[in-house]
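Good morning, and thank you for coming. Please look at the sequence and the structure on the screen while I take you through them.

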Amino acid sequence: MSLTEGCLRVGQQAPDFTATAVADQEFKTIKLSDYRGQYVVLFFYPLDFTFVCPTEITAFSDRAEEFQTIGAQILGVSVDSEFSHLAWIQTDRKSGGVGDLNYPLVSDIKKEISTAYNVLDPDAGVALRGLFIIDKDGVIQHATINNLSFGRNVDETLRTLKAIQYVQSHPDEVCPAGWQPGDKTMVPDPVKSKVFFAAV
């Protein structure tokens, strides 16, 4: 899907993009398709130097190793410039910054990426809190969008990613609500599913 097409939904190829990002306090060119072969947690946030945003940015950074361990790359995106990203990263957390991060922050200053992922708020001119989990083949498996005033849960993102990975490696099974690794799954069959429900 190109950056100009809309109606994005799960099960479709994630729109590819090439953009400037800040990674390890350096400017780098990021291309989504370069991450093909691993999972990507792509999340959008409104603006640098705001209030809820740094709590999300740092929460994902503090847990980045857990995502890396299961083969996932985190990418954060906002409509700020790479220069704003760098200044924010170089600002201490106690002063409203985010400090060093364990994943790249992508600049979407032209608002093309947030438009492609249908998370741009045209009135505010910033991205809503959209989060997409993209699988190793570049297919969107999960999408959520929060409004501007409340943040997301890293634990739930990690749980959802693990559920996606499980069902992709066990195509004859599905995960019930709240599934965690090690919990029982079910077979999507009118008869075989009764084994799961009988044990509940």
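Let me begin with the cysteines. The count of disulfides comes to zero, where a disulfide is a pair of cysteine sulfur atoms within 2.5 Å. C53 is buried, with a relative accessible area of 1%, whereas C175 is partly exposed at 24%. Buried means under 20% relative accessible area, exposed means over 50%, and partly exposed lies in between, with a 1.4 Å probe and protein chains only.

A word on the source. This is a predicted model, in which local features need pLDDT of at least 70 and side-chain atom pairs count only at pLDDT 80 or more, while totals for chains, interfaces and linings use all residues. Residues are numbered from 1 along each chain as its sequence is written, and side-chain values use heavy atoms, with hydrogens and water left out.

Now the sheet. Seven strands form an open sheet with mixed pairing, in the order β2-β1-β5-β4-β3-β8-β9. At the edges are β2 (26-31) and β9 (140-146), each of which pairs on one side only. Helices (H or I, at least four residues) and strands (E, at least two) are DSSP runs numbered from the N terminus, and two strands pair if DSSP finds at least two bridges between them. Strands of a sheet pair through backbone hydrogen bonds, either parallel or antiparallel. Here, β3 (residues 39-44) and β4 (residues 72-78) pair in the parallel sense over six bridges, and F44 stands opposite V77 in β4.

Which residues have the most contacts inside the largest nonpolar core? They are F43, I57, F60, F67, I74 and L105, in a core of 25 residues. A nonpolar core is a set of buried Ala, Val, Leu, Ile, Met, Phe, Trp, Tyr and Cys residues joined through side-chain atoms within 4.5 Å. Helix α5 gives the most to this core, with four residues. A second, separate core of 22 residues includes F17, A116, A127 and I140.

Leaving aside neighbours within four places in sequence, I57 is in contact (heavy atoms within 4.5 Å) with F43, Y45, W88, V98, L101, Y103 and L105.

Finally, I turn to N153, in the loop between β9 and α5 (154-169). N153 is partly exposed, with a relative accessible area of 44%. A polar atom of the N153 side chain lies 2.8 Å from the backbone nitrogen of D155. N153 and F60 are 93 residues apart in sequence, and 9.1 Å apart in space, C-alpha to C-alpha.

Methods. A polar contact is a pair of N or O atoms within 3.5 Å; within protein, one must be able to donate a hydrogen and the other to accept it, and residues adjacent in sequence count only if both atoms are side-chain atoms.
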